[in-house]
Amino acid sequence: MTLPQRREIETDRRLLLLVGLVVVAAGTIVATSLPAALSSAKPATVNDVAVLVMLTFTIALGTLVKARVRIRSTTQSISWNETAIIVGAAIAPTSVVVLCTAVGIALASLRLTPMKLAFGIGKNVIVAWGAGTALAMTTWTWPPAGTASLIVPLALAYVVAAVLDDLLAIPVIALASQTRIAKQFRSNLDLRLAGFAVRFVVAACTLLILRMDPRLLLAIPPLVLSLHLAYSARIRGRTEQQAWQRLARTTDALNVVDLDNVLTTAVTRAAELFSADEVEIELRDGGRTVRGGTGGITFDGPSGTPTDVDGTIVPTALEGHDRSADVGVLRLRFRGPVQLSEREQYTLRTFASALCTAVRNAQAYAELARVADEHAYAAAHDALTGLANRRHLLDQGTEHLSARHAEGVTALVLIDLNHFKEVNDTLGHAAGDQVLVQVAERLRGAAQGGDLVARLGGDEFAVLLRGLPAPAVAAHRAEALLATLHEPFELDGMRISVEASGGISAAPASGGMAELLRRADVAMYQAKRAGQRISTYAPTRDTADLGRLTLGGDLPRAVADHEFVVNFQPIVDLGTGEVTSVEALARWHHPTHGMIDPLRFLEAVERSGLLPAFAEAILDQALIAAASWRDAGFDVPVAVNVSPRSLLDARFPGSVLARLRAHDLPPDRLVLELTETLTLSQLDVVDRVLSRLREEGVRLALDDFGTGYSSLSLLSRIPVHELKIDRSFVTTMESSAEAAAVIRSTLDLGRSLDLDVVAEGVESEPQRRALWELGCAAGQGHLFARPMPAGTLLAALQRGSGGRPGTLAPPLHDAGAVIRLSQTRRQNGRGRPDRVPHLPA
């Protein structure tokens, strides 16, 4: 049994007890009044009988003519019977008035329930006895000698009657409506006082008229009826005013965005507003039903669950004013028969419309909150594994490190899967994803409550350890994490073993999460180089080094002050010496260290978070130079190296295309050189970036081709236009059969895929001629030009070689010369040899 149900049972018990006390007291009064009336009786005259009948009839009529106020399924009435009782007490003995009151009330209340009938008779008997006793205590005689001797005793008797009426009725009404007695007493107090005054005046006037001439009593009923109608209209007006005020307060209270609060407010306020025993709201969306009363919610669950409140049900659809939305049904339940007035029906429709709006607003807000939570979760978590992502790790770690109450040692374990790309290459990316998911599950299971497990991207994971008692504990925790990856993984019936390397770093005194992550990364690569499973960061072994650490601190200033400059190295046609394109090479013009090679600062740039700003600065300088060459008559493309991390940024294509538009250059005048160090596990992300760039017309080149062991796999995925043979093969091509074979196979591959091939590191004329004879059309190297500023290169182009602008080397053969090739070489349709001679080892 619920708490509200227990309260209702307790209320009924108290109500029955209170009514019982009133009935017992009234029964005692009637029992004592009956012998007194009989003992004082004398032979009755016709007038005496007429007075008794008239008194009984007047009391009955005063009870029937009443203003009705409904409380739940119980209708309370404000009647005129105390006026008739006062008049009777003035002209007849108290015992007779008591008996006439009991008979008159009984005759007027025969249709009521036994409890209401008993309470009505008992209350009015006590009122009649009190009024008669108060008059008897004065020197009252009928008819009185003068007006003053009538008014004062009558006023005393009427005050006693009014006080007794309120003392008996108000507690019962308060219990029935579950309101406080004091509040019920104050409710409509002004109207009650005005009613008492009017009825006292009517009683006094009636007695004065009876004293002058009993026949004038015929004028009293019309007067009483007029006063009754006016008083009833006043009560109805006040009731309606209070109802509209409660409706306004209720609709204001519904202006909340939480659906549970809306339903709770609606149920409790509707029970009060319509004086219902129970209010039920059934929502169509989700099949949810909420029930309750003024005491709160008694049921919140699925629709169709029965209720224990039987009786009248008043249903109303929860729909808007235009009936465009229907969110459910509102039901008012009453334990007895109830008929809502026209005003109450209109109020109910208004309330239902307001509730419909409130429910829709709360549902819309809940949906917006759900979507916002999903977006916030997606922004902070890895889509594949459900782990925290890099951003969430950095945010949580920064918040933890900056918290003053943080206790213990904070450490970070960085975990990288060894040779994971082989899983992707051999079994496919779907299998690789399954392995990553299982790795995430194992790391999550091995982590403790305060740890944060994250996937940083690709096959790299991190675990933030918080509240450690000592730094040394981090090593034991890291060992436990890596040990969970030692067991083979089950993958479509196969058992796959995946090794991992880990780096540990404790939170530094300065630098925050960025430095903590960098140190863990350094430690992880130390473990890989040393062939260990796990390594702890040691400052003495950090060759990121002390010099790189210094440079890293200067990076923000370098980007802001434009210290990064671009030199340009031309790419020439090996046969004609004509410049066909230019490669942009970044340099750092440090104010104290001079010109710094990119090998020393690029890694620091990538780790600093300044990569987008750095890449945009280099691209701007390259495009400005290309535009200046074009304006001077040399329309040559410019090639710019791209960091693999830039290709993981979905905003990168938009930035590149915006810079091209800003400098009014066609997209095909830009070549983006991609490093072969891209891992296949990253290509799903990179594909979208490169596809958009290629579709817009930007050309792509694969740099350092042949140095990795995934060259062919990369070519099958990356839509490039050009291959660049690494300088190491060109340098050793005349002394190494293996290098020569790589060059041959690369050229054959380029011809079969219709790709341009550029040889890097051309240092001598023999190398140039040998490459040209092999079918390589273009090359770059110190033989033609070293990297130089844009202006210097423009001057070189204008000057040309041998008076030929746009060239940097003499042609291998004069124009129109006949070239005799060996019998083993034939030209294909593009002017390149199909077969090449054997190069000496």
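**Figure 1. The salt bridge between D631 and R630.** D631 is exposed, with a relative accessible area of 62%; exposed means over 50% relative accessible area, buried under 20%, and partly exposed in between (1.4 Å probe, protein chains only). The model is predicted: local features need pLDDT of at least 70 and side-chain atom pairs count only at pLDDT 80 or more, while totals for chains, interfaces and linings use all residues. Residues are numbered from 1 along each chain as its sequence is written, and side-chain values use heavy atoms, with hydrogens and water left out.

**Figure 2. The salt bridge between E515 and R519 in helix α16.** Both residues belong to helix α16 (residues 512-530), where they are four residues apart, about one turn of the helix. Helices (H or I, at least four residues) and strands (E, at least two) are DSSP runs, numbered from the N terminus. The closest N and O atoms of E515 and R519 are 2.8 Å apart. E515 is buried, with a relative accessible area of 15%, whereas R519 is partly exposed, at 22%.

**Figure 3. The salt bridge between R495 and E490.** Here the closest N and O atoms are 2.7 Å apart. R495 is exposed, at 54% relative accessibility, and E490 is partly exposed, at 43%.

**Figure 4. An open sheet of five strands.** The strands follow the order β5-β4-β3-β7-β6, and their pairing is antiparallel; two strands pair if DSSP finds at least two bridges between them. Strands β5 (296-302) and β6 (312-319) stand at the edges with a single partner strand each, so one side of each has no neighbour in the sheet. From one strand to the next, the twist averages 15°. Angles run from 0 to 180 degrees between N-to-C directions, and axes are lines fitted to C-alpha atoms, for helices over the stretch in contact.

Figure 5. E278 stands opposite R333 in β7.

Notes. Salt bridge = Lys/Arg side-chain N within 4 Å of Asp/Glu carboxyl O.
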